[in-house]
Amino acid sequence: MKTKILSPSDSDIALAGEILQKGGLVAFPTETVYGLGANALNEEAVKKIYTAKGRPSDNPLIVHIAKKEDIAPLVKEITPKAQALIDAFFPGALTIILPKSRLIGNVVSGGLDTVAVRMPKNKIANRLIAAAGCPVAAPSANTSGLPSPTVARYVIADMNGRIDAIIDGGDCEYGVESTVITLAGETPVILRPGAVTKEMIEAVIGRVEIAKAVLEGMANDEVAASPGMKYKHYAPRAQVVIVNADKKEYEDFVNSQKNAFALCFEDDCVNIPKVTFGKENDGASQARELFTALRELDEMGAKKVYARNPGIKGVDMAVYNRLIRAAAFKVIDLKKPFFIGLTGPTGAGKGFAGKYFARLGFNVLDCDSFVKNIYESNTELLSAIEKEFGAGIVENGVLNRKRLAAAAFSSKESTARLNALVHPLVIAECEQAAKGLTVLDAPQLFEAGAQDKCFKVVCITADKDIRLKRITQRDGLTREQALERMNAQLDEDYYIAHSDYVIYNNGENIEEQIDKILEDIL
């Protein structure tokens, strides 16, 4: 179809209202984002929204009204708390959810028995709804899943040829969608944060809760009670990864990345191509600019984007909620040790892999070297080892490592006894030495329980005969001694089953395999 591009003039608003009356679709500005409207009481018209957006039909829509009194026919009851919120925040960027009346069909409500209603403050939106003479169901006016449009050009890019008309009303004031709160249960719950914050709402009606899905995502069997609750949403075509770090840590991290873009704050000193979204510690500016910034990254051809993490209080929560969904919940947290665990059976080639990680700029911690240092310096440990494995293990304050190996690696049980003494000390040393992106080269990662401290675990392995040959040549062992050492470890299947990634070292290119893993992790 041919899409009309309209102005906010009285004649164009009247034309847009007529289109809605007749069952057509009109995109229009609000103070939050641009909406894609249809007559909320016309189920066939509302179905067109889902078609135009490519939107799943189980995602409920918000019904927009022109006057406060227009809400009563749409719901079963306006509760005292609902009335208090209406009095305080209508018109404005707040959507309330209440049990619906018979006027609201299943298409608008996504099959739920509730309806989401708000009264926009934007004068163009308000005039349009009044001209239509009906409540207007409207999600954001974008292709489903992409960032919501806050300027008309992105509405035109997504919807031109798909809908009847677009009203170009300039930039939106807030830049993120309305706050959504459900009053359908005993306790009010915020399902989507926005410019009307939790603190503002609680000042009016008392305690409210934040839905777990706001910051952590929906459970697999959870039904979306509000728009914007799906796992991945608001996303550009580029892959977005959130980096939780302070200014310096973030700058150091992104400046070390190749073939990537930064989504950062205005004052961040970044050497790779970047797009900014507001100022640090200014959630309102971040909200206004976030969606446009995500769109600009696509226009620049970005494939991978590292985003600076906003806060989670006040308006910041709305920004974080949108950004975490744009990133499909992928976060690199540099405010705590960021470990990539590197493990695998003996003789697999962890040393070679560790050297390659080091060349890529990772801080590689060799747990075997930590063990050696602990054996040489920790007299309490040596006393405990001698008590556990017998006299002669320690001579003149020096550990006889060959005797210890013979005693401790003769069986899995004796190995476990040694591990219980040594592993807690090694983990503590590693945590102290961790900085930035760190690879934990740990042959006994799983035995130590250190996998729980790792962002991802990479196992490197090789065929048993190849590993056996490497061990005998490397350590000067007999075949029987090498087999005894191998049998004291976890078997290969365990490493593979409990790792996130597996590298094979039977002659394959290890560096290429690591590059592919890092492309996915980072």
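The structure is a predicted model, in which local features need pLDDT of at least 70 and side-chain atom pairs count only at pLDDT 80 or more, while totals for chains, interfaces and linings use all residues. Residues are numbered from 1 along each chain as its sequence is written, and side-chain values use heavy atoms, with hydrogens and water left out.

## Packed helices

Two packed helices are described by the angle between their axes and the distance between the axes. Helices (H or I, at least four residues) and strands (E, at least two) are DSSP runs, numbered from the N terminus. Axes are lines fitted to C-alpha atoms, for helices over the stretch in contact, and angles run from 0 to 180 degrees between N-to-C directions. A crossing is left-handed if the near helix is turned anticlockwise from the far one by less than a right angle, and right-handed if clockwise.

| Helix pair | Angle between axes | Axis distance |
|---|---|---|
| Helix 10 (residues 283-299) and helix 11 (residues 315-326) | roughly 20 degrees | within 8 Å |
| Helix 17 (residues 464-475) and helix 18 (residues 479-487) | about 115 degrees | 9 Å |
| Helix 3 (residues 80-89) and helix 7 (residues 198-205) | about 120 degrees | 9 Å |

The axes of helix 10 and helix 11 cross at roughly 20 degrees, and these two helices are therefore roughly parallel to each other, given that angles under 35 degrees count as roughly parallel, over 145 as roughly antiparallel, 65 to 115 as roughly perpendicular and the rest as oblique. Their crossing is left-handed. On the side of helix 10 the contact (heavy atoms within 4.5 Å) is made by G283, A284, Q286, A287, L290, F291 and L294, and on the side of helix 11 by V315, D316, V319, R322, L323 and A326. Sorted by class, this contact has 9 nonpolar, 2 polar and 2 charged residues, where Ala, Val, Leu, Ile, Met, Phe, Trp, Tyr, Cys and Pro count as nonpolar, Asp, Glu, Lys and Arg as charged, and the others, Gly among them, as polar.

Helix 3 and helix 7 pack at an angle of about 120 degrees, which makes helix 3 oblique to helix 7. Here the crossing is right-handed, and helix 3 contributes K81, A84, L85, A88 and F89 to the contact, while helix 7 contributes M200, I201, V204 and I205. This contact has 8 nonpolar residues, no polar ones and 1 charged residue.

Helix 17 also passes helix 18 in a right-handed crossing. In helix 17 the residues K464, R467, L468, I471, T472 and D475 meet R479, A482, L483, R485, M486 and N487 of helix 18, and the residues of this contact divide into 5 nonpolar, 2 polar and 5 charged.

F28 lies in strand 2 (residues 26-28), and because its relative accessibility is 0%, F28 counts as buried; buried means under 20% relative accessible area, exposed over 50%, and partly exposed in between (1.4 Å probe, protein chains only). Not counting residues up to four places away in sequence, F28 touches several residues, including V33, Y34, A125, L128 and I167.

T461, placed in strand 22 (residues 454-461), is likewise buried, with a relative accessible area of 0%. The side chains of T461 and E492 are joined by a polar contact of 2.6 Å, a polar contact being a pair of N or O atoms within 3.5 Å; within protein, one must be able to donate a hydrogen and the other to accept it, and residues adjacent in sequence count only if both atoms are side-chain atoms. Apart from neighbours within four places in sequence, the residues in contact with T461 include R467 and E492.

H423 lies in helix 16 (residues 412-433) and, at 10% relative accessibility, counts as buried. The side chain of H423 makes a polar contact of 2.9 Å with the side chain of Q444, and H423 touches Q444, E447 and A448 when residues up to four places away in sequence are not counted.

## Backbone angles

Most residues other than glycine have a negative phi, and most peptide bonds are trans. N259, in the loop between helix 9 (247-255) and strand 13 (261-264), has a positive phi near 55 degrees, and N259 is exposed, with a relative accessible area of 76%. N396, in the loop between strand 19 (394-395) and strand 20 (398-399), has a positive phi of about 55 degrees although N396 is not a glycine, and N396 is exposed at 83%. The peptide bond from F90 to P91 is cis, with omega near -5 degrees, and P91 is found in the loop between helix 3 and strand 5 (94-99).
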